[in-house]
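Please read it alongside the sequence and the coordinates.

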Amino acid sequence: MTIQLYDLVGADPARPFSPHCWKARMALAHKGLPFEAVPVRFPEVATLEGGEGRTVPLIRDGDTVVQDSFAIAEYLDDRYPDRPMLFEGASGRALTRFVESWMQRTIHPYLVSVAVLDIHALQDEAGQAWFRARREALFGKPLEEVQSGRTPEAAGAFDRTLEPLRVTLKRQPFLGGETPRFADYVVFGGFQWARVASRYRVMPEAGDPIRDWFERCLDLHQGLGRRTPAAA
Ligand SMILES: N[C@@H](CCC(=O)N[C@@H](CS)C(=O)NCC(=O)O)C(=O)O
């Protein structure tokens, strides 16, 4: 049976933008599992599948519902071990947790600080009201003040935080080594979010190992990532 992936979109259902949903999309494609993306908007997320406080990505595989991108990747490896693995064993899972934390704590906050107004602009009217109310309550200030990172100083600091990623990708084509693993999709999800949501450039220029890796990731799985165009 085809797996359903509840996937966050804004006004345009053809432009999935959520970093966490991109991780799940890439994970499903990596496993070679057919899936149907079910577009959902922010105000609908919390009550999906009769739940409370739901987040996306959320998948339904037959009778099984799994929430959270990392849990989805673990589930897919556990349930479909005969297909390409997203993690190499228990230590692969543990090390990928570090990559997830690094993304959440250092990369995502910068992306929010340069693109939050663009993410708001992607939503339909109800989604915009929902997003502004929730995010302003979370940050304790207007979205216009949250988006404070478009400065040369912030860009320089961001570039320095990318150095471990750059050095690693100079040595090997993927974080997973010769082939991609879930760790690649965790990082890809953040940069794909920025690419789809905002024209503000956070991706290093061509020739940078991070840019080369990102282009390779866009091409994976018959160009799944590239098929959603960059913000124009
Ligand atoms: N740790 C979760 C985070 C999921 C998450 O924060 N999803 C956001 C969309 S990017 C969401 O569902 N937001 C809806 C809400 O906050 O009500 C994962 O990796 O799946």
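## Salt bridges and the domain interface

Asp159, Glu163, Arg166 and Asp208 are joined in a network of salt bridges, a salt bridge being a side-chain nitrogen of Lys or Arg within 4 Å of a carboxyl oxygen of Asp or Glu. The model is a predicted one, in which local features need pLDDT of at least 70 and side-chain atom pairs count only at pLDDT 80 or more, while totals for chains, interfaces and linings use all residues. Residues are numbered from 1 along each chain as its sequence is written, and side-chain values use heavy atoms, with hydrogens and water left out.

Over the whole structure, the search finds 17 salt bridges.

| Pair | Closest N to O |
|---|---|
| Asp219 and Arg226 | 2.8 Å |

Asp78 is exposed, with a relative accessible area of 53%, whereas Arg226 is partly exposed at 35%, as are Glu215 at 25% and Asp219 at 46%; buried means under 20% relative accessible area, exposed over 50% and partly exposed in between, for a 1.4 Å probe and protein chains only.

The domain assignment gives domain 1 (3–79) and domain 2 (89–223), with bounds that come from an automatic or database assignment. Their C-alpha centres lie 19 Å apart, and 23 residues of domain 1 are in contact (heavy atoms within 4.5 Å) with 28 residues of domain 2. Between them the two domains bury about 2400 Å², 69% of it on carbon and sulfur atoms, where buried area is the accessible area (1.4 Å probe) that two parts lose on being put together, summed over both. Met26, Phe42 and Phe70 supply 30% of the area that domain 1 buries against domain 2, more than any other three residues. Across this interface the rule finds three salt bridges.

Arg25 belongs to helix α1 (residues 19–30) and is buried, with a relative accessible area of 12%. Beyond its neighbours within four places in sequence, Arg25 is in contact with Leu5, Asp7, Pro16, Phe35, Ala37 and Leu224.

Definitions and conventions: Helices (H or I, at least four residues) and strands (E, at least two) are DSSP runs, numbered from the N terminus.
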